[in-house]
Amino acid sequence: MAAVGTGGVGPAWRGGFGRLWSAAVISRFGDALRTTALPLLAVQLTDEPLVIASVTACGYLPWLLFGLLGGAVADRVDQRRAMWAVDTVRGLLVAAFALAVGLGHASVPLLLALAFLLTTLQTLFDNAATALLPSLVAAEALGGANARLMTGQQLAGGLLAGPFVPLLLGVGVFLPFAADAGTYLLAAALVASLRIRPPERPPRPAGDTLRAEIGAGLRHLWRDRVLRPICLATLLCNIGMGALIATLVLHVTRRLHAGTTGFAAAMTVYALGSLAGGFLARRIARHTGGRARALLLCGVVQTVSLLLMGTVRHLGALLAGMLLLGLMNMVWNVNQVTLMQQRSPAAMVGRIAAAFRTASTSGAPVGALLGGAAARAFGLGAPALLAALLFALAVAALIPAATADVPVGAPRGEATTADVTS
């Protein structure tokens, strides 16, 4: 179902990958409308930084509670069916929320409940999607496939959706959420139309439990001398990004007095940087000599960007920092996910992805709360400086992974468990 050439040529658009790409891009467009509108709606309901940060934290908490379980389930079920079923439920939930907002019943508890429920469902969807992609494209095309998926999502979600949010909010505060519900349902229909033979899985041993399968994924992640330090570094980065993102709307609207237009501009610039990062991800990995080494470069550049944002009180400095953050974040994501897929046994991708995401994403709610507390105690520039410190620690954590990295373009056989475990 995929056409792959040498040197990392991407997969063919026809067939399964094209539909999966379309579903991901459409869904991301709607998600961007919702995620941009949600903090703006929260600001209308309260001006307390800790309460606003709690909305972001609640959107990450389910990864701590259900992330590992979602990965184990994703390895057991038909991943295609799991994905379209989850998107259908999410579409109905957001539609109900849009109706409540339109009728004037918006409240902070309702925002918290929506964020929690959507992320709970996402724990199954994301792990199933990560495990499904290697069955659609050949191993040597994974980097290109991930780059195209992530770049398409950023194009739709950041560059195209971001500027629409102030316009939609001007017409009706419920409109971004109603549009998001529609994109979920459309994406579900596209995924349901995929004709993929369910992967053949060896029969599970008698008495095998979800807990045992989760443990196997955790052990593989811990023993992999490349994925383990990357996971730690991502945890530190996510604490920092949680602190920044949870208070970004206050940074823009209160510290810089740039209003909702400035907030939309910041998100749009971030998306532009992400688009550039999608095109440069593999090239940077080649020039640095490996995907983990590319992550090391990303961490250094992002640290400098956050220092700029936290010390210079000017919208131009914020936009420059967001541009670099977006570029390097995309380079990071493409190479990190590709490494995870390439270094995981096919029957364990969902569990390992879940273990990786849970360990790394667990920092986001902590960071969101720390960001709110830092903003309250030291001012609205403090979250960016806190994030810079955490990114600097992440750079130090990445050094062992960079020394053990497999160069880009190496055959899949060079990244087996026997080679990477310590």
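Buried means under 20% relative accessible area, exposed means over 50%, and partly exposed lies in between (1.4 Å probe, protein chains only). This is a predicted model, where local features need pLDDT of at least 70, side-chain atom pairs count only at pLDDT 80 or more, and totals for chains, interfaces and linings use all residues. Residues are numbered from 1 along each chain as its sequence is written, and side-chain values use heavy atoms, leaving out hydrogens and water.

**Aromatic pairs**

Rings of Phe, Tyr and Trp (its six-membered ring) pair if their centres lie within 6.5 Å; planes under 30 degrees apart are stacked, over 60 edge-to-face, the rest tilted. A search of the whole structure gives two such pairs.

| Pair | Centre distance | Plane angle | Type |
|---|---|---|---|
| Phe66 and Phe116 | 6.4 Å | 75 degrees | edge-to-face |
| Phe97 and Phe177 | 4.9 Å | 80 degrees | edge-to-face |

Helices are DSSP runs (H or I, at least four residues), numbered from the N terminus. Phe66 belongs to helix H2 (residues 49-76) and Phe116 to helix H4 (residues 108-136), so their pair ties together parts 50 residues apart in sequence. Phe66 is partly exposed, at 30% relative accessible area. Phe116 is also partly exposed, at 24%.

Phe97 sits in helix H3 (residues 79-102) and Phe177 in helix H7 (residues 175-192), so this pair ties together parts 80 residues apart in sequence. Both Phe97 and Phe177 are buried.

**Charges over rings**

A charge sits over a ring if NZ of Lys or CZ of Arg is within 6 Å of the ring centre and within 35 degrees of the ring normal. Arg90 lies over the face of Phe125, 4.6 Å from the ring centre. The charged end of Arg228 sits over the ring of Trp222, at 5.3 Å from its centre.

How values were computed:
Helix = DSSP H or I, 4+ residues; strand = E, 2+ residues; numbered from the N terminus.
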